[in-house]
Amino acid sequence: MAVFISRSREQTQAFATEYAKTLKGGDIVLLDGDMGAGKTVFAKGVAQGLGVEEEVTSPTYAYMNDYDGRLFHYDCYRIESIEQAERLGLADYFDMGGICLIEWSQNIAALLPKACKKITIKKINENEREIEY
């Protein structure tokens, strides 16, 4: 694992834009971090790096947002059981060739494939973040 220290939202997004260039279709990336750590900011950067032009928003109530089949951005915070995740068809997108970014992945851990990448974002202070990748 390596660590990047971001000094601002803009640096976090720029780092994620570059990180996106290391990803290939079918990659699943677990975005770990507390509320307000910057997971959605990171997702915006990945989307930018993949050429997604649509505005990326947190899928808190939708559970998953699909951006042109290139990026599937999950927010599993409100998932209460594996059965609920299965009913919603969340695992169906793992094999569709896009990049899956999953926030609160521990709530669907039993559905996840073995080979997932992981990004951990820790809030240092109001502006700075430690990004482990």
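Trainee: Which residues form the aromatic cluster?
Mentor: In this predicted model, one aromatic cluster is formed by Phe-4, Phe-15, Tyr-19, Phe-42 and Tyr-133.

Trainee: And how many aromatic pairs does the structure hold?
Mentor: The structure holds seven aromatic pairs. One of them is formed by Tyr-74 and Phe-94, a tilted pair with 6.0 Å centre to centre and 40 degrees between the planes.

Trainee: Which parts of the chain does that pair link?
Mentor: Distant ones: Tyr-74 lies in strand β4 (residues 71–75), and Phe-94 lies in the loop between α3 (82–87) and β5 (99–103), 20 residues apart.

Trainee: Are Tyr-74 and Phe-94 buried or exposed?
Mentor: Tyr-74 counts as buried because its relative accessibility is 0%. Phe-94 also counts as buried, with 7% relative accessibility.

Trainee: Turning to the strands, what do the side chains along β7 do?
Mentor: They alternate along residues 129–132.

Trainee: Which residues stand opposite Glu-132 and Glu-130?
Mentor: Val-3 stands opposite Glu-132, and β1 pairs with β7 in the antiparallel sense over four bridges. Lys-122 stands opposite Glu-130; its strand, β6 (residues 117–123), runs antiparallel to β7 and is joined to β7 by four bridges. A hairpin of five residues connects β6 to β7.

Note on methods. Residues numbered from 1 in each chain as written. Predicted model: local features only at pLDDT ≥ 70, side-chain atom pairs only at ≥ 80, totals over all residues. Heavy atoms only, no water. Phe/Tyr/Trp six-rings, centres within 6.5 Å; stacked < 30°, edge-to-face > 60°. Helix = DSSP H or I, 4+ residues; strand = E, 2+ residues; numbered from the N terminus. Buried < 20%, exposed > 50% of the residue type's maximum accessible area, 1.4 Å probe, protein only. Pairing = 2+ DSSP bridges.
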